[in-house]
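I opened this notebook to record what I looked up in the structure. The entries follow the order of my reading.

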Amino acid sequence: MAIHALTTTGFSFHLPFPKCTTAYWRSAGDRARTLCCSSGDGHLSGLINVPSESEFGRRGGAQMAKSSEGKRSIQSSDGELRAKNSEIWQLFREAQRNILSLDKQRALAVEELNKAISEKKLLLERIEELEIEKQAMARKDQVSICWELLLRIDSMVLTGTISSGEASQMRQLIMDQKVSILDAFTEILQKKDAELLAELRQLSDRRHKNGFHIVHICTEMAPIASFGAVASFVTGLSQALQRKGNLVEVILPNMDLNEVQGIRETEVEYYSYYNGQLHGNKIWTGVICGIGVTFIQPLYYSSFFNREKAYGYSDDFERFMYFSRAALDYIVKSGKKPDVLHIHNWQTAIIGPLFWDIFVQQGLEGSRILFTCHDIHSQAKKLALCGLDPTNLHRPDRLQDNSYTHLANIMKGGIVYSNKVVIMSSTHSKGHIIHSSSHGLETTLNMHKDKLLVSPCGFESSSWDPEKDKILPENYSADDMKGKSVCKIALQQKLGLPENASIITVGCFLSDLSDVDKEDLIAIVKNGTRMAVQFIFMTTGKMKSGQKELESLQVKIEDENVRFINRHDETLSHLIFGGSNIILCQSLHDPILQVPLKAMRYGAAPIAITSNDNGFRHFPDHDYETTKLAMFINSTFGYLSFSQALDEINNNPSEWNHKVFDAMAKDFSWDAECCDIYLSAYTAIKSL
């Protein structure tokens with residue numbers, strides 16, 4: 001829209017107008033004066049001619065010649081002049097109003113133009129965002145297509161269409177030649193098995209194998225089954241491993257399949273051993289977050305995994321024993337030959353002894369076992385259900401429980417029978433875990449300490465990055481922190497808090513009050529509000545500790561500088577991280593929500609909840625097998641109480657800012673230290 005600039009001449013409402021005498025008209029010249037009049041609505045109302053000097057003179061001469069008219073005629077002429085004078089004044093007022101109206105219209109047009117320019121800028125930014133999302137989706141679709149191909153091959157093995165040997169070759173072919181495969185199979189969903197096989201067999205060129213083939217066997221995976229630390233770990237690590245060129249898939253018990261991409265039912269059943277008999281299972285395959293997933297659905301024991309919760313039932317041991325054995329039976333029958341079987345917690349720990357006692361000679365000679373302990377909680381049970389020989393395993397150096405010697409300890413079995421054991425901890429060293437956090441397994445861990453590793457958690461940096469976070473009102477980084485002040489003001493505005501970027505703002509995400517010393521938390525809030533500190537609390541879902549306990553806490557910490565959001569709001573949570581100086585943490589090891597890691601990335605210090613400066617805190621552990629994350633977080637923020645953190649912010653801001661900027665610049669995502677530790681572990685066990 002082209003808008004022409006208008007030059008406006010200002011008029012006074014009391015402009016002097018010359019009296020209409022003969023001398024006045026003569027000074028104007030002998031030309032006809034024509035004025036354009038407007039009715040005020042933008043339309044012309046006609047033309048009025050103003051007499052020239054010569055015409056006016058002729059009229060005046062004629063009047064003077066008529067002396068017989070006398071004084072009466074002169075008075076009449078003066079009246080006509082006054083009428084003309086008034087008419088011309090009216091015309092000027094009309095012109096002035098028209099100019100003012102045009103000036104107003106010009107201002108409105110300029111405003112509309114600026115608005116259009118702003119909208120165009122926003123539109124271009126949105127187009128750029130959509131293009132980035134489109135590219136990311138295209139990459140995700142490519143991975144999904146590869147996985148649909150791989151899962152179709154699994155189905156062909158089960159139906160007997162191809163042999164397990166040919167299936168293994170085709171899997172490697174797909175992973176080695178992703179680009180050419182994707183070009184050839186863009187219509188994968190429309191091809192029949194015979195057509196798919198014919199085209200795959202034509203692709204004879206193969207590249208040297210690189211990367212690992214890893215199969216997770218577990219009971220959780222985000223976002224479809226998030227019950228604990230395993231869920232986010234499996235998804236986060238699997239995505240990071242695939243970004244580095246590895247093939248990762250997951251085997252899960254049957255669950256809600258609504259969020260699974262490309263869900264597909266295998267046409268045939270397969271059988272697995274349980275309690276002295278073979279039982280049929282149905283197989284479903286699909287893709288979650290770009291990762292191939294297989295679901296095992298028991299037919300006879302159909303109620304095993306068709307439940308509201310994942311854990312907490314009296315038959316949990318039987319359920320997961322069935323699943324672990326069924327997963328290994330499926331791997332063998334589908335012809336898979338993974339480099340690593342990655343098992344998790346006690347629920348699938350039994351796979352270790354099952355693998356070495358039964359399955360290693362069934363085509364899995366090249367596979368190895370890696371066991372991740374997300375928490376060390378023992379399960380002491382009997383073993384005969386899954387086909388293991390209890391007499392062979394019920395020994396102190398194998399599965400016999402260290403305390404209840406008449407029972408077998410499944411967690412111990414996972415440690416003993418795995419090639420590598422990784423314990424997840426963001427704050428503790430290997431030595432501390434063995435001697436202080438082993439839950440009755442200290443002897444076993446100490447005996448196998450050479451294959452024991454410690455790994456920190458990670459977080460999904462693509463979703464949690466203040467430099468790119470589209471939820472924040474303004475992005476920022478360690479090199480340019482201006483946007484963080486904008487985020488704080490936006491947070492204060494949204495929650496009705498006093499707006500001042502210099503006020504210390506503290507965020508806190510509560511997941512379970514049973515893990516929090518409520519008296520310490522109340523003391524922190526009371527001490528902080530006396531110093532005008534602002535507090536924002538948000539619950540992260542259904543609280544295990546109960547609504548009454550939550551309401552009681554809310555009453556005790558009520559203050560004009562305290563806000564309590566009794567629900568999880570993903571958008572607001574980003575703003576809380578972005579606008580806070582401190583994030584109070586229930587623990588600096590948070591494998592489920594990864595709050596401390598997100599806090600550091602957003603320039604907020606993670607401080608453990610405590611009001612007692614003499615109480616327990618995380619101090620640097622100089623054990624040579626401490627993770628980089630543990631060393632950093634303990635030496636930077638772990639030793640600080642809340643009051644000490646406030647004191648440093650107020651009295652030593654340069655030192656505080658150095659800590660915050662240093663934390664922001666470090667990479668603690670899944671792609672960093674966590675992924676590196678696991679790749680190192682996979683490499684080590686493949687050489688055994």
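I began with burial: a residue is buried under 20% relative accessible area, exposed over 50% and partly exposed in between, with a 1.4 Å probe and protein chains only. I noted that the model is predicted, so local features need pLDDT of at least 70 and side-chain atom pairs count only at pLDDT 80 or more, while totals for chains, interfaces and linings use all residues. Residues are numbered from 1 along each chain as its sequence is written, and side-chain values use heavy atoms, with hydrogens and water left out.

**Entry 1. S573**

I looked up S573, which counts as buried because its relative accessibility is 1%. S573 is found in helix α18; helices (H or I, at least four residues) and strands (E, at least two) are DSSP runs numbered from the N terminus. Leaving aside residues up to four places away in sequence, S573 touches W464, F509, M538 and H568, where contact means heavy atoms within 4.5 Å.

**Entry 2. The whole chain**

I then turned to the totals. The protein chain comes to 23 helices and 19 strands. Of its 688 residues, 49% are buried. Among contacts between residues at least 6 apart in sequence, 73% join residues at least 24 apart.

**Entry 3. W464 and aromatic rings**

I returned to W464, a contact of S573. Rings of Phe, Tyr and Trp (its six-membered ring) pair if their centres lie within 6.5 Å; planes under 30 degrees apart count as stacked, over 60 as edge-to-face and the rest as tilted. The structure holds 28 aromatic pairs. W464 and Y602 form an edge-to-face pair, 6.0 Å centre to centre with 70° between the planes. W464 lies in the loop between β14 (452-455) and α15, and Y602 in the loop between α19 (595-601) and β19 (605-608), so the pair ties together parts that are 138 residues apart in sequence. Both W464 and Y602 are buried. I also found one aromatic cluster, whose members include F227, Y274, Y300 and W346.

I checked helix lengths against the expected span, which is 1.5 Å times one less than the number of residues. The 14 residues of α15 (residues 482-495) should span 20 Å, and the end C-alpha atoms are 21 Å apart, which agrees. The buried residues of α15 include G483, C487 and L491, and what covers them includes β15 (505-510), β16 (534-539), β17 (562-565) and α18 (570-579). Just after α15, G496 takes a positive phi of about 70°.

For α16 (residues 518-529), 12 residues should span 16 Å, and the end C-alpha atoms are 16 Å apart, which agrees. The buried residues of α16 pack against β16, α17 (547-556), β17, β18 (582-585) and α21 (642-651).

**Entry 4. Backbone geometry**

Most residues other than glycine have a negative phi, and most peptide bonds are trans. The peptide bond from A222 to P223 is cis, with omega near 5°, and P223 lies in the loop between β3 (213-217) and α7. N275 has a positive phi near 55° and is found in the loop between β6 (270-274) and β7 (277-288). N275 is partly exposed, with a relative accessible area of 44%. N345 also has a positive phi near 55°; N345 is found in helix α9 (residues 345-349) and counts as buried at 6% relative accessibility.
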